[in-house]
Each structure stands twice: as C-alpha cells, then as structure tokens.
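Subject: A structure to look through

Hello,

I am passing a structure on to you, and below it I have written down what was found. Please keep it open while you read.

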Amino acid sequence: MSENKDETLASFQNITGIDDVGEAFSHLEAVNWNLLDALSRVMPHDDAPLSNPVLAPQPALPDPVQPGAQSNTNGFRPPSYDELPGPSNASASSFFATAMHNHNQNQRHRYPTSHLLAQLTSSINLDPSSQNNNQNGMNFNINFNQTLFQIRLPPTATIDQLKHKIFDVTNVPVCRQSICGWPPAKASDAQIGGTQICNLDLSPENELILIDLTEDGFMDTEPDEVPQRLDKDFTIKILYEPQGTFTMNVSGRTTILEVKTNVYYVKEIPVRHQEWTGWPSGCTNDTTLAESGIELNHQFVLRNLAERAQSNSNAALDGENPQTNSNSASNTFDVVTLDSESSADEFEDATDFNTAEYIFTDSPPVQPLNRHLIPNNTDDETTGSTQFVENYQSRFGEPYPDFFVGSLENALQMACHKPAKERKLLAIYLHHGESILTNVFCDHLMKAESIIQTLKEKFVLFGWDMTYESNKDMFLSLLTARISSNASLTARNIKLDKLPAIMLVGKSRQLGSNCEVLSVIHGNIGLDDLLTRLIETTAMYEEQLQVEIRQEDERAARHQVKAEQDMAYEETLQADMAKEAAKSQKAAAQAAERKRIESERAEENARRESIRLVAEQSLPQEPGEQEASICKIRVRKPTGDFLERRFYTQNNLQDLLNYVTANGFLIEEYKLISSWPRRDLTAIESSQTLETLKMSPQETVILEER
C-alpha cells in the first residue's frame, strides 16, 4: 500500500505541478488516495466529477495557458511532456498533446476534463513489464530524499549524460552527485564521466541511490551563512496527518531533536514514533535549523507510526477493509487494483487468498506460523531480532547463518562504527514469508557453507521479517533513524517478487562518514552469483577502507607525537617548578662546586708547575754548536710544532725527559716515541745514555698523549 501511495503522490505532483509535498498529500488524503478525485479538486473545470466521467457536449473551455499568461488560482498547470511520470512518458505525452488539441479545436462537442484526466492517468500507469521489452533504452530508478525518480536513456548514453538528467529532475548539481548501486565489478568505470552505460553490465531496470555531497555534510547552507541564521526565527508549518496543520515558531539555534521534543509536548507523539517528510538529506538530531538549510518558512509532513500500526492491526483484526461499512449485511467485495509494479505471479502464488474461510468467516484469517518469523505489531527491535533468529532456526533448521541478536543500532556499532582496520559490512537480510523465493533462498543459498563462512568472516548479519506491514513500517523507521532515509527508501522499494533480499551497508569517508547502502542483492539469484556479489562488494569496500586505514594510522601517529609532546611539556613544567622551588639551594651548591673545582684546578696547576720547575732545574747545560760529542734532538709536539735542543752524547735519557717536562709536557700524560726503530722511550730505563740509545748525532722524537 505504501508503494501505491508513493506512486500516486508522484503522479499527482507531476500532473498538477504542485511541488509542495504537504499540499499534495492533503489533497490525496481528503479523497482516500483516489487520483482522479484528487485531480478533480485542484483542476479548474465545470465538468462532471472525475470519478464518474460522462461523455457529453460541454461548454467551451479556454485554451491551455500559453507561455507568459496568468496561471489559474488553484496552482494547476498542464505538465510538459518530459514531466509525465514513469517509463511511458512518450506515449502519455503524445496522448496529452492529442487530447489537449482536440479539447481546443472541437468547440461544440468535446470530452469533459474529467474524462481527459481519466485517459491521461490511465496512459501514465502503463505496465512496466511491457516497457522492459523495449531494448532501445535502460531505465534508472534514482532513490533520493525519500523520492523515486525514473530516468530512461539509450544504451549509448554516458555517465555525464545520466548525471545531467539527474540534475534536471533533482536539482542536485553534477559536481555534488555521488551515485551508489553500480555493479561492484564496474564501480570504478562508473566514476568516469565518458563511460557508456552499455559497458557497465546493467539490466533494463536499475536501482541507484543518489547522495548529495556538499562541502558541509549534506546541507546546502554555506558555512558563512550559518552564524547569520542562528538568531533568526523559523516558522515551521507541520501537516499532522490526519488532524491537520499546526505552526511552531522557533529560533535558528533549535536542534531537530528539540523540534521533535516540542512536538511531543504539543501532540503527545513520542519522538521514536514520529515520521517526518521534508528535512534535507544528511540532517541529524543534533543539527540546528540554521545548519539544516531549510527556509525561514518551511512545511513538513508528520505521521504517527504507532497510530498507523494500530490502524493496520485493527483492520487486520476486523477482517475487513476500513473503507467498507462493517454493518453492511450484503457480501460485498472491494475491487483490488493491481499497480504497475505488481506481478501476476504474486497473486497466483497466494493460494490461500481466495479460500472461503478467509472471506466469509468472522474470525481474522490465521496464516501458518512458519511464514512469520516475527509476531505482528512487535514494538521492540531487540525482542523482534531474538524471535527472528529463533524462528528462522526452527523453520529452516541447520546449518544456518550466524545472525546478530540485538538491536539494529548495536549491529551497526559492531560492524561500521569501529576503526577502519576492524570495520565490516553490515548485511541486512530482509525476509518475507509470502514470497515464492523464500524457501529456495533460505533452504539452498543460505545453507551453503561458502555463504555461511563468507557472511561470518566479512559481515555482521542482521535479520528482519517484513511479512507483517506493522513490522515493515517499524523497521523502515529504524533504517531512517539509524542509517539514512535513502536506506529506508531502498528497502521500501524492493518488490515482493525480489524478496528475500540482502542490503549491504558500509561506512567510509567517501560516503561522508555516514552509513549508506552499497549494494542490494535480490532473492532471484543463484548461489555462485550470490557468492560473487558478496566477495566483490567486500573487495570494493576494503579497497575504499585502505585510504581511511592509512589516514587513521597517520592520525594515530600524530596523536602519539602530540601525546609525547604533551607528556614532555608536562615533565618540563614539573621540572621547572622543582627548579624554581630549589633555586636558592641549587645556586649555593653550584657556587660551592665552582669554588671546589677552581681550588682543585689551582692545586693541579701548582703541582704541575712544581714538577716542571724541578725538571727545568735538573737540566744540564746545553752544549755549544761547535763542541764535540754532542747530539741534536728534535721533539715534535702534538700540534705539529717542534722543540729542539743539543745534548752531550753522555747525557742520559732522563735529561731528555726532563727537557720535555720543563716545556709543559708531563711524562705521566705524554709518551715519547722514537722514529726508528719505533719505541716508547718513557717505558725503558731512563739512565741509559743518548749515545747508547743511538740518538746521535741527531734524532727526532714524537710526543703522543697517553
């Protein structure tokens, strides 16, 4: 029913040109979502009601509004051909052009406006299956901001052309578009603008997710505008279905959570039961109105999930359509309209639908217990998760995948909200007991050892049963709150004949540090293809994480350096404080130490001088140059300079050592080395004569430090 409403809302807006979701919603609610009656409310005419068009001559109507002319007061405008929804734009636009031409040319006998709209809407709601047979193009279902946009392109179109088409329908600039949902093997090719879509291994029908990447999160407000908007007053008009509209005036500093809390105080709707339409993509509960990017006057649509679930439950318990009169004694059957997304197989396989006991018994229909893994109207996600795992194991038996037991938030924490090195993908298994694919998928694919091991090693697997509408609505709300509105919209748009399905959710900086749906694997898939999709998505995700892992390592290194610097600074500060406290004592100690060192140095100098003087006084008289029996000794100092003196050949070695000592080179600090043969003269007997030591007539010796 929710899918039918989404399609009806989109068709109504495209036909009427009413862009305000709240206004369009109110028109459709007033006529119980009857598209023809809703069009009758807003379209100017004097015809019969849309619900019962009669072909009869009508008074002449003015020609359609031409460019530059005044529009009617109801805000209705004929749609351009490109605005007609769905894959049948060409046929619908052709019909619309022909109908409007006849409407203007035939002044005497023309169809009433209601009949024109009836034919127009019937031409729009063509069966998509008939369009899929057209091999001349590809259909793209763009999920963005809780809205589904349909685009059709020829196979030769490029990624750049697709993005420009997306800009035409979403107003998201090409430079800010991030598109998810490509086949994992072709994800890198899809990032190249010149790639043709026929080279991306796409199917005729393709589900893509659009993310609006702005410089500041996902919001359109420029950073320098936020301070100016903080002190402004925002007027929020809230269409609360079905009670009507109420207004709140709040400051720009108010957070979205505070707005929801104020609504709770006014309408007594718990925050967890509030479903909003109209917030910009990327907003969180901590986002202020100034940062959110909304206008100073903004309109939202608010629904109470608890009331909707209760209404669905009551309708199921009463065993009748809420629109029918329960007091009617006649056996009346409601007409069920097959929407364009439903397949005949879905109704043929519902073998129990037409049994007499379901239609005529007073008690509500009881379906087999094994079809529902979570009881109806479950209001706690942890309890629902526990019951899902228990009932899944009971119904399908061993072996079975290792499902996570707990809340969706805890599953996200375990999978996505961890350091990049420890991060995994979150695999959300969406079960549906009424799908013909369920038994094959669970009994064959989910029991394969390769699938079980892959899910266990690379994923955190969370399961939920979408069979009951109340549980489906609850889980879609959880997806919106815990992951994103795009995740909720993606799950909502999965058709029954594609369930069960596995949504693969991941977190990386390339996605704006938020969790987003990376891929959706439908139930109509083989074992090998399922394993390949899981492995390819994991490989692509791990490749994206490598950049983040490197950044985390660099960040950790910077933090480590900063921590060490902080520790060193703290230690230095403590040392400085200790130095300051003992400054006087340290100064006194240093003075005493200097005095002691100076005293020792003076004593050492005095000792050395005493030794030098004794050696100098012990030196024999230097002979003259002309005397006989003399030898000339040259002493090379460590600096390279030379000392030179004459000695008698009968002078002993001690006289030479005294000469060296007298020049300041104490024998206890220096060695005296003869050049040839090389020997340490300070280590031999000093009483030997120079002649005995063969140092005449001349010799050069070397001083070396010990």
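Which kind of contact do the side chains of R678 and E704 meet in? They meet in a salt bridge, at 3.1 Å from N to O, where a salt bridge is a side-chain nitrogen of Lys or Arg within 4 Å of a carboxyl oxygen of Asp or Glu. R678 lies in the loop between β15 and β16 while E704 belongs to strand β17, so the pair ties together parts that are 26 residues apart in sequence. R678 counts as exposed, at 55% relative accessibility, whereas E704 is partly exposed, at 26%; buried means under 20% relative accessible area, exposed over 50%, and partly exposed in between, with a 1.4 Å probe and protein chains only.

Before going on, please note that this is a predicted model, in which local features need pLDDT of at least 70 and side-chain atom pairs count only at pLDDT 80 or more, while totals for chains, interfaces and linings use all residues. Residues are numbered from 1 along each chain as its sequence is written, and side-chain values use heavy atoms, leaving out hydrogens and water.

The structure holds 20 salt bridges. In helix α21 (residues 583-618), E593 and R596 are three residues apart, about one helical turn, and they form a salt bridge whose closest N and O atoms are 2.3 Å apart. R596 also forms a salt bridge with E600, at 2.5 Å between the closest N and O atoms, and these two lie four residues apart in α21. Helices (H or I, at least four residues) and strands (E, at least two) are DSSP runs, numbered from the N terminus.

Strands β15 and β17 are also part of an open sheet of five strands, with the order β14-β13-β17-β15-β16 and mixed pairing; two strands pair if DSSP finds at least two bridges between them. β14 (642-648) and β16 (679-680) stand at the edges with a single partner strand each, so one side of each is left without a neighbour in the sheet. Strand β15 (residues 670-674) runs antiparallel to β17 (residues 698-705), and five bridges join them, with L672 standing opposite L703 in β17.

Elsewhere, in helix α15 (residues 408-415), the residues L408, A411, L412 and A415 are buried. They cover an arc of only 100° around the axis, taken from the directions from the helix axis to the C-beta atoms, which puts them on the same side of α15.

Best wishes
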